Amino acid sequence: AEVEEEITKSDDKVKGVAASMGIVEGPVCLVLNDGDLRKVKKGDIVITYSCSASFNVVVGLCSGIVTDYGGMLSHAAIVAREYGIPAIVGSQQATAKFKDGDVIKIDSSTATAFVVER
């Protein structure tokens, strides 16, 4: 419980559900609406509230996904497993803590994502 509280209070780390296994490091691309999908570049880790079908056009470019909402059967989780990219879903705070240009690391063995370089 102490570790959970530490992560919640941290400005640069989130914990959620490991929806697709793997460890990856890369630049953040914050996607808050469908218009932001244009910003996604190959290798980006996409941070979003949740994924919809419109997200499918860029998922092949992503090296990882972190969402605020969702669980193991959410669209983000299923698509991440299909593409074999690491994903943390249901983090509740990723869109508030991570910004475009941050370099973050997803570690699904601990179900966390954290800033490596800001």
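The largest nonpolar core here has 19 residues. By nonpolar core I mean buried Ala, Val, Leu, Ile, Met, Phe, Trp, Tyr and Cys residues joined through side-chain atoms within 4.5 Å. Buried is under 20% relative accessible area, exposed is over 50%, and partly exposed is in between, with a 1.4 Å probe and protein chains only. Val40, Phe55 and Ile65 have the most contacts inside this core.

Which elements give two or more residues to this core? They are β3 (23-31), α2 (75-83) and β6 (87-89). Helices (H or I, at least four residues) and strands (E, at least two) are DSSP runs, numbered from the N terminus. The largest share, four residues, comes from α2. There is also a second, separate core, of 15 residues. Val24, Ile45, Ala94 and Ala113 are among them. As background, nonpolar side chains tend to be buried together in soluble globular proteins.

A word on provenance. This is a predicted model: local features need pLDDT of at least 70, side-chain atom pairs count only at pLDDT 80 or more, and totals for chains, interfaces and linings use all residues. Residues are numbered from 1 along each chain as its sequence is written, and side-chain values use heavy atoms, with hydrogens and water left out.

Back to Val40. Set aside residues up to four places away in sequence, and Val40 touches Cys29, Val31, Val46, Val58, Leu61 and Cys62. Contact means heavy atoms within 4.5 Å.

Now α2. Its buried residues are Ala76, Ala77, Val79 and Ala80. They pack against β2 (17-20), β5 (64-67) and β6. After α2 comes Gly84, with a positive phi near 70 degrees.

Next, the strands. Two strands pair if DSSP finds at least two bridges between them. Which way do β3 and β7 pair, parallel or antiparallel? Antiparallel, over five bridges. Pro27 stands opposite Val103 in β7. β3 also joins β4 (residues 45-48), running parallel, through four bridges. There, Val28 has Ile45 as its bridge partner.

Val103 deserves a slide. Strand β7 covers residues 103-107 and holds Val103. Beyond its neighbours within four places in sequence, Val103 contacts Glu25, Gly26, Pro27, Phe114, Val115, Val116 and Glu117. Val103 and Phe114 are eleven residues apart along the chain, and their C-alpha atoms are separated by 8.6 Å.

Lys13 lies over the face of Phe114, at 5.7 Å from the ring centre. The rule for a charge over a ring: NZ of Lys or CZ of Arg within 6 Å of the ring centre and within 35 degrees of the ring normal.
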